[in-house]
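The following exercises concern one protein chain. Please study the sequence and the model before reading each solution.

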Amino acid sequence: MASDSSNKSHNQQNLHYGGFVNPPRSPPASTSNRAGGNNNNSSMRSRSERLWRVIVFIMVGIIVALFFVSSAQRKAQKPPPAIITDVEEDQATESLIDAMEHSIATDKATIERIIDEHDCTSAYLDVGTNIAVQIRKLYEPHLYTKPEYWGNRINNVTQLRNATMLPRFESTYGPTPRCRVCAFGFEPNPNHHKRLGRVQAHLRALGYGVKVFHAAAAETDGVVHFRVTNKKHAKMENEDWGAKRLDKIEDIESSHHDYKTIAARSVDVSRIFSTIDDALTKKAKALGMEKHGPITMKLDIESGEFGVLPHLLRTGVLCRVVDEAYIEWHEWFFTNDPIAHYITVSIKAMIKGMASDASFEEYVANNCKTKMLDDDDETYLHDGQPMDTPTHSMC
């Protein structure tokens, strides 16, 4: 009985094992074997960590070494700052003065030569020439007689407009050809200089006296910071309307990458206008005239008018020389600066008041002949009219 009971129990165990119910475990490893395995794993991890530390250390060392080598090379390539002596500073100043005096003399000689060669007795002053569309309208009005859709850049209104300067030119200078009218432009933007050279050559071939100075109209002769479209990063839109003179350091330093700041020559408009007036007076007398004909000015210099116009008034040149002034005002450039906006609005009101305010009536009648006119003729913005090679001179 005991033997049968033992066999039955053994068979039940086998049945359970065959059915995978709680099979017997392998005999546990000895404590010494477990400790040995853990030690081996720990040793391998330790060696791996040390190896990574060595690799990272080497990489950091290489980066630091390359940095110092690069810095040393840059320092070696950069020349040491020059120490300028008082004598050298005086010589540099004298050179700058000589160059300025040479430029002034060259301007005078150029103006006198053009007026003399073309027997000019009147002048058109295009201050802010852009691509010289207005100068072409003066001499080739037949190309700009069709109304054109024109978009106002402030309120984005598009409307059909005529070139409003055509009848004004007709009234001031008479019918074409206007051979006795010389045109002088002022445009510092190098993005336009190639085009301006073509226009100048084209109109001179037609017999007209035209000179466009690659310079900014300003209160002094010298150099100014000027912002233009950076054509490497941006497309020039609206013939670079946004190009303008920069007077504040923060404006110069914060110029957007779509623009670039250049150094441009500036000319004292008071000096230039006086030279033109004197040359016209001399030519008129040589031709037996009592006085020369009218001088008109278009002024569109993207807020620069708030420096140029007071300067022309202070020197007396505006009232003495310019018969009609067509001005585009840009006080809205300063809406984010309350003080600057107040000043520019006040200047605009004062200058415009000279032509309309009763309190200025006597002064205007006796001392200032200039008519202040609001006329922003920006039709044919991109020109688009042909410049065929002339077959003969118009003059």
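**Exercise 1. Two helices in contact**

Which residues in α3 meet which residues in α8?

Solution. The model is a predicted one, in which local features need pLDDT of at least 70 and side-chain atom pairs count only at pLDDT 80 or more, while totals for chains, interfaces and linings use all residues. Residues are numbered from 1 along each chain as its sequence is written, and side-chain values use heavy atoms, with hydrogens and water left out.

Step 1. Locate the helices: α3 covers residues 86–117 and α8 covers residues 269–286. Helices (H or I, at least four residues) and strands (E, at least two) are DSSP runs, numbered from the N terminus.

Step 2. Apply the contact rule, namely heavy atoms within 4.5 Å. On the α3 side the residues are I104, D107, K108, I111, E112, I115 and D116. On the α8 side they are R271, I272, T275, I276, A279, L280 and K283.

Step 3. Sort the residues by class. The contact of α3 with α8 has 7 nonpolar, 1 polar and 6 charged residues. Here Ala, Val, Leu, Ile, Met, Phe, Trp, Tyr, Cys and Pro count as nonpolar, Asp, Glu, Lys and Arg as charged, and the others, Gly among them, as polar.

Step 4. Describe the geometry. Two packed helices are described by the angle between their axes and the distance between the axes. For α3 and α8 the angle is about 35 degrees and the axes are 9 Å apart. Axes are lines fitted to C-alpha atoms, for helices over the stretch in contact, and angles run from 0 to 180 degrees between N-to-C directions. The crossing of α3 and α8 is right-handed; the term applies if the near helix is turned clockwise from the far one by less than a right angle, and left-handed if anticlockwise.

**Exercise 2. The disulfides**

State how many disulfides there are, and describe each of them.

Solution. Step 1. A disulfide is a pair of cysteine sulfur atoms within 2.5 Å. This rule gives 3 disulfides.

Step 1. Take C120 and C182, whose sulfur atoms are 2.0 Å apart. The link of C120 and C182 is right-handed, with 75 degrees about the S-S bond. C120 lies in the loop between α3 and β1 (122–127) and C182 in strand β4 (residues 181–186), so the bond ties together parts that are 62 residues apart in sequence. Both C120 and C182 are buried, a word that stands for under 20% relative accessible area, with exposed over 50% and partly exposed in between (1.4 Å probe, protein chains only).

Step 2. Take C179 and C395, joined with an S to S distance of 2.1 Å. Their link is left-handed, at -90 degrees about the S-S bond. Because C179 is in the loop between α5 (165–173) and β4, and C395 in the segment after β12 (371–373), the pair ties together parts 216 residues apart in sequence. C179 counts as buried because its relative accessibility is 18%, whereas C395, at 47%, counts as partly exposed.

Step 3. Take C319 and C368, with S to S 2.2 Å. This link of C319 and C368 is left-handed, with -80 degrees about the S-S bond. C319 is in helix α10 (residues 317–321) and C368 in the loop between α12 (361–367) and β12, distant parts of the chain that are 49 residues apart. C319 is buried at 7% relative accessible area, and C368 is buried at 4%.

Step 4. With the bonded cysteines numbered in sequence order, the pairing reads 1-3, 2-6, 4-5.
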